[in-house]
Amino acid sequence: MNAALHSPRGTAVDRSSHFDVAIVGAGPAGLAAAQSALAAGVSVCIIDSGVQPGGQFWRHRSEAAGVPDDGALHHGWAEYQELRADFDRGRASGRLTHFPGTSVWQARRLERRFALSTTPVAGTTPEAPAQVTATSLILATGGYDRQLPVPGWELPGVYAAGGIQSFMKQNGSLPGARFVIAGTGPFLLPVAAGISRSGGTVAAVCEATDLTGWLPRAHRAAAVPTKGVEGAAYVGTFLRHRIPYRRRTVITEIIGTDRVTAVRTARVDRAGRPVPGSERVIDGVDAVGLGWGFTPQMELPVQLGVETRVDLDGSLVAVVDAAQRSSVPGLLIAGELTGVGGATLAVLEGRIAGRVAAGSGAARVRAASTSELRAIRRHRAFAAAMHLAHPVPAGWEDLVCDDTLVCRCEEVTAGSLRHARDELASDDSRSQKGITRAGMGWCQGRVCGFAVSCLAGGSSTPSAASLTQNAHRPVAQPLPLGALRMLADEPSPRPAK
């Protein structure tokens, strides 16, 4: 077995390396953490599944193709460029090591260090060692679109709303011509606006709530004026492109044979029930984007045994203190893993986490400033208002027919899940998985896990126990069997130069 892997640059990479600070994730929180840690003079590595920095929020055109991104589809692009400049300077100095196209499939807490087992993302050339160790670890893995099943959502042409946005940012083109965007939350607005700016047509944006939930929380939105400026820009785009914005409206069926051709929508009352006579069909649709908020990627925090809680939006999140420290010594967590709150909040938390992580292996450093803590409180308050104003609609599971696919990987229907629930007389999602195979496919429940947990419990929101069960995976990411073989011959870690 070779003691080294080879990078695309032709340089040998040690199979095991040690750093002062390891960061998993190169999105807003991860880049900000790297910036702070580098400023403290320690050795840093960033491991990220993307082939270039930016994460999902700052996903952009391929740098390898030499096509510059003008930032037109991005918010905070100037901040990304600042963080990226420090990232590039760190790499040039040799104090920052970047392992792109790499997933961490297992994280362990050893006596005085963390051990991260890695595997290349499919289609990439290995650059990372099989194992990375670090004195301090920062997890900044972000989240992904939460999905709720709807009849026909398995058809080609149906995407997560975030998937459409990522497609636009990375490819500079659209995955369709005429779109319907549906779900709940402010994120539907930039997706629809981006489609229109890119030359596509948005036939409708269907927002499940009536937005009145913002009224008692308007002061929280006013405390973050940049959000109001963003919202005003989206309103202007909607007016210029004549995008219909339909409140308290949901998609009840996605229609098509070989791919999407139309959608059926209906208005719903406050209990989430369709209003009789409100159904309409939108024809000529070839792409649908669905988004019900975001779900943090909690596999690695749960592997390491961090204390968790259920946030206001029904997501399992990590508990941290004001310095971003988790309940596990030496482990810091930043960004969506502590509660979905947006890129600005993620950058604030990342900067604090990087500073504190660097201080554990070098000279003492200041944790969070008063202004940083105030800004975090404002953005957390805004996030709380957003979650309360855009909840997953009550009674959504009653709209899902028994023959609707819930787990698309394993083709498990809602009827099968309901039958298993009745047979088990329990809301245990792990038992559900064993009987129905729901969540045992390629995505490992990342797409269907929330819905499966709800249907297993017969409610609109899953229990904390069910969320934890779904996040608990000994293998956090898909990997080849060869990665397991390499564990049997792990060399002693070498200090980074």
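# Notebook: strands, helices and salt bridges

**Entry 1. The open sheet.** I began with an open sheet of 5 strands, which has the order β10-β17-β11-β12-β13 and parallel pairing. At its edges I found β10 (158-160) and β13 (245-247), each with a single partner strand, so one side of each is left without a neighbour in the sheet. From one strand to the next the twist averages 20 degrees. I noted the conventions used here: strands (E, at least two residues) and helices (H or I, at least four) are DSSP runs, numbered from the N terminus. Two strands pair if DSSP finds at least two bridges between them.

I recorded that the model is predicted, that local features need pLDDT of at least 70, that side-chain atom pairs count only at pLDDT 80 or more, and that totals for chains, interfaces and linings use all residues. Residues are numbered from 1 along each chain as its sequence is written, and side-chain values use heavy atoms, with hydrogens and water left out.

**Entry 2. Inside the sheet.** I then looked up the pairing of β11 (residues 178-183) with β17 (residues 287-291), which is parallel and runs over 5 bridges. Within this pair, V180 has V288 of β17 as its bridge partner. Helix α3 (residues 161-171) packs on the sheet and touches β10, β11 and β17. Its direction makes about 85 degrees with that of β10. Helix α4 (residues 188-197) also packs on the sheet, touching β11, β12 (201-207), β13 and β17. The direction of α4 makes about 175 degrees with that of β12. Contact here means heavy atoms within 4.5 Å. For the angles, axes are lines fitted to C-alpha atoms, for helices over the stretch in contact, and values run from 0 to 180 degrees between N-to-C directions.

**Entry 3. The cover of helix α4.** How many residues of α4 are buried? I found that 8 of its 10 residues are buried, and the helix is mostly covered. Buried means under 20% relative accessible area, exposed means over 50%, and partly exposed lies in between (1.4 Å probe, protein chains only). Among the buried residues of α4 are L188, V191 and I195. Their cover includes α3, β11, β12, α6 and β17. After α4 comes G199, whose phi is positive, near 100 degrees.

**Entry 4. Antiparallel strands.** I turned to β14 (residues 249-256) and β15 (residues 260-267), which pair in the antiparallel sense over 7 bridges. These two strands form a hairpin with 3 residues between them. I254 has V263 in β15 as its bridge partner. β15 also pairs in the antiparallel sense with β16 (residues 280-283), over 4 bridges.

**Entry 5. Salt bridges.** A salt bridge is a side-chain nitrogen of Lys or Arg within 4 Å of a carboxyl oxygen of Asp or Glu. By this rule I count 19 salt bridges. D88 and R84 are 4 residues apart in helix α2 (residues 77-93), so about one helical turn separates them. D88 is partly exposed, with a relative accessible area of 35%, whereas R84 counts as buried at 15%.

Next I noted D210 and R248, with the closest N and O atoms of their salt bridge 2.8 Å apart. This pair links distant parts of the chain, 38 residues apart: D210 lies in the loop between β12 and α5 (218-222), and R248 in the loop between β13 and β14. D210 is buried at 16% relative accessibility, and R248 is buried at 13%.

The side chains of D269 and R273 also meet in a salt bridge (3.2 Å, N to O). D269 counts as partly exposed at 24% relative accessibility, whereas R273 is exposed at 52%. I also noted that salt bridges with shared partners join E63, R84 and D88 into one network.

**Entry 6. Two single residues.** Is S369 buried or exposed? S369 counts as buried because its relative accessibility is 16%. S369 is found in the loop between α8 (343-359) and α9 (370-389). Its side chain makes a polar contact with the side chain of S371 (3.1 Å). A polar contact is a pair of N or O atoms within 3.5 Å; within protein, one must be able to donate a hydrogen and the other to accept it, and residues adjacent in sequence count only if both atoms are side-chain atoms.

Last, I looked up V229, which has its place in helix α6 (residues 225-241). V229 counts as exposed because its relative accessibility is 59%. The C-alpha atoms of V229 and S43 are separated by 39 Å, and the two residues are 186 residues apart along the chain.
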